[in-house]
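Student: Could we go through this model together, setting each value beside the definition that it rests on?

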Amino acid sequence: MLKAKLTIVGIILIIIAANPFQAEAATQFSDVNSHWAKKEIMYLSDLNIIGGYPDGTFNPNEPITRSQASAMLIKALKIPLNEDTSIQFKDVAKDSPYYKILATVNEKGILRGNNGFMRPGEETSRAQMAAILRRAFDMPLDKQPTFIDVTPAHWAYQDINGIAKQRVAGGSNGKFMPKDAVTRAQFSAFLVRAMDDKMKLSNYRSYVSIKGKAIEQDGLLYSIAKDKDGYNQIIKENMETAKQEVLLKDEDIPRSPWDYSPLYLHNNTQLILYNNEIFIPYHSGDFAEADEVPYAYAVMKMNTNGQELKKMKEPSGSNFRNMFVWNDRIFYTDVDAENWNYLNRRIVQDNEKFVDSKLELYSTKMDGSSDKKKEYSFDARITFDVYSYSYGDGTPIEAGGENKSVLYDHSSIYYFNNKGIFKYSLLDKTTNKLSNVLAKDMNISDTQLVVTDLNGKKHILKK
C-alpha cells in the first residue's frame with residue numbers, strides 16, 4: 001500500500017513538472033533573483049500566467065516547448081479554450097492537459113501543426129517564437145533587414161523583422177540566432193514586451209544597411225531627382241501621400257577647394273541607409289593633375305531628416321569604391337595606387353578588353369578611419385556605372401563609387417571576374433563559386449542573382 005501511494009505521488013509530481021504553467025498565485029522563485037529577466041518573469045507570475053516547478057525553481061535557462069509556449073499565450077491573451085473535441089492530432093491525446101490549448105492555438109493560426117502533428121514536446125526556436133508572437137499579437141510583417149544572420153530567404157524573415165521593429169526582441173552582436181532554442185526566460189521577456197508597451201526595448205535598430213539608387217524604409221522613399229533648374233538633389237517621399245521633401249540640394253554639397261564642377265549627384269548615385277543616417281559616396285571635386293581625371297571620391301552623410309550634413313574625412317581617395325555599412329562597421333574596397341588599369345577612368349569597357357583588378361575589402365568603425373581591418377582580397381572586373389560621354393573621343397566617364405562587377409547584398413558580396421561569378425559571406429568568411437559565366441553586369445533580388453554575360457544573355461542564379 002505504501003509503495004502504491006509513493007508511486008501515485010511520484011506521478012503527480014511528474015505531471016506538475018511537465019505542465020508548470022498552472023499558476024494560481026504569484027510565486028517567488030529561488031533561481032531568478034539575479035537573473036537578467038527577473039522583472040519580466042515576476043511580471044508574468046504576478047498575473048498568474050506562469051508558474052514554477054515543485055521545488056520552487058523556475059528554471060529560466062531551460063528551453064521552452066511548443067506546448068508550454070502555447071499555454072502562456074492562451075493565458076496572456078485570455079483566449080477561451082476550444083471545447084471542440086473532434087479535432088484530431090496524431091501526437092496529442094484528447095486527455096492531455098495540453099489538448100485544448102493546442103487545439104485553440106491551432107484554430108487561431110497562432111501555432112500550426114504539420115500533417116496532423118503538433119509536436120508538443122519540441123523545443124521552440126527563436127525563429128518559431130518570432131512567428132508565434134507576431135501572429136498572436138497581430139504585429140505587422142516587416143521587410144526591412146534587421147539582423148546580419150537573417151536574410152530575406154529565411155522563412156521567418158518578415159516575422160523576425162516585425163517583432164524587432166515593435167521592440168519585442170533584440171539580438172546579440174547584430175545576430176538574432178534564429179535556430180537557437182528559446183529559453184523560458186527569453187520567452188517570458190518577449191511575451192511581456194508584446195503585452196505591455198512600457199516593458200518594450202528602448203529602441204529599434206538595424207545592423208544591415210540598405211543600398212541603392214532609390215531606397216525604401218518605413219513607407220518613405222529616398223532617391224535622386226532634378227530640381228526646376230536641372231540640378232540633382234536628394235528627396236524623401238512619403239509613399240502613401242506622395243508628399244516630397246528635399247533633403248539635400250546641389251548647392252549644399254560639401255565641395256573640394258579645386259571645385260572643377262563635376263556632377264556631384266546623378267542618376268547612378270548610390271544611397272546607403274543605415275538606421276537614421278544616409279551615406280552618399282560621391283566625387284568630391286578634386287582631380288589628378290596628370291590627366292585631369294576626377295580622382296577624389298569621398299563620403300558625405302546626413303540624418304534622414306536632412307540635418308547634420310557633413311563630409312567624412314575617411315574613407316576617401318582615388319581608389320575608394322563599393323561602400324556599405326554592416327554590423328556597425330563601414331566596409332569598402334581599395335586597390336594599390338599603382339594599379340593604372342583601375343585608376344584609368346577612360347578604359348574602354350567592352351568584350352575584347354576584359355580586365356580584372358585585385359580589390360582589397362576593408363572595414364572600419366563608423367567614423368570611417370579607426371580600427372581599420374583588411375577583411376578580404378579578390379579579383380573583380382574593371383567596369384563602372386557611367387554618367388557622361390563628354391570626352392572628345394566619346395569614351396565613358398565613370399559615375400564613381402561603384403564597380404558594376406561588385407554587389408553588396410545583406411551579408412554577402414557578389415563579384416565577377418575572368419574566371420566566373422563568386423559569392424563571399426561576411427558571416428562565415430567563405431567564398432563559393434556560383435558560375436563559370438563571364439559577366440558584364442548583374443542585378444540582385446531577394447531570391448536570385450540575374451547576370452548578363454558578355455554577349456548580352458541573361459542567366460538566373462540562386463543566391
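**An open sheet and a buried threonine**

Tutor: Strands β12-β13-β14-β15, in that order, form an open sheet of 4 strands with antiparallel pairing. This is a predicted model, in which local features need pLDDT of at least 70 and side-chain atom pairs count only at pLDDT 80 or more, while totals for chains, interfaces and linings use all residues. Residues are numbered from 1 along each chain as its sequence is written, and side-chain values use heavy atoms, with hydrogens and water left out.

Student: What makes β12 and β15 stand at the edges?

Tutor: β12 (321-326) and β15 (373-381) each have a single partner strand, so one side of each lacks a neighbour in the sheet.

Student: How do you know that β12 and β13 pair?

Tutor: Two strands pair if DSSP finds at least two bridges between them, and 4 bridges join β12 to β13 (residues 329-334), the two running antiparallel.

Student: Why is T364 called buried?

Tutor: Buried means under 20% relative accessible area (exposed is over 50%, partly exposed in between, with a 1.4 Å probe and protein chains only); T364 has 0% relative accessibility, and therefore counts as buried. T364 lies in strand β14 (residues 356-364).

Student: What does pLDDT say about residues 287-294?

Tutor: pLDDT is the predictor's confidence in each residue, from 0 to 100, and over residues 287-294 it stays under 50. Where pLDDT is low, the predicted coordinates should not be read in detail. The protein averages a pLDDT of 86.

Conventions. Contact means heavy atoms within 4.5 Å.
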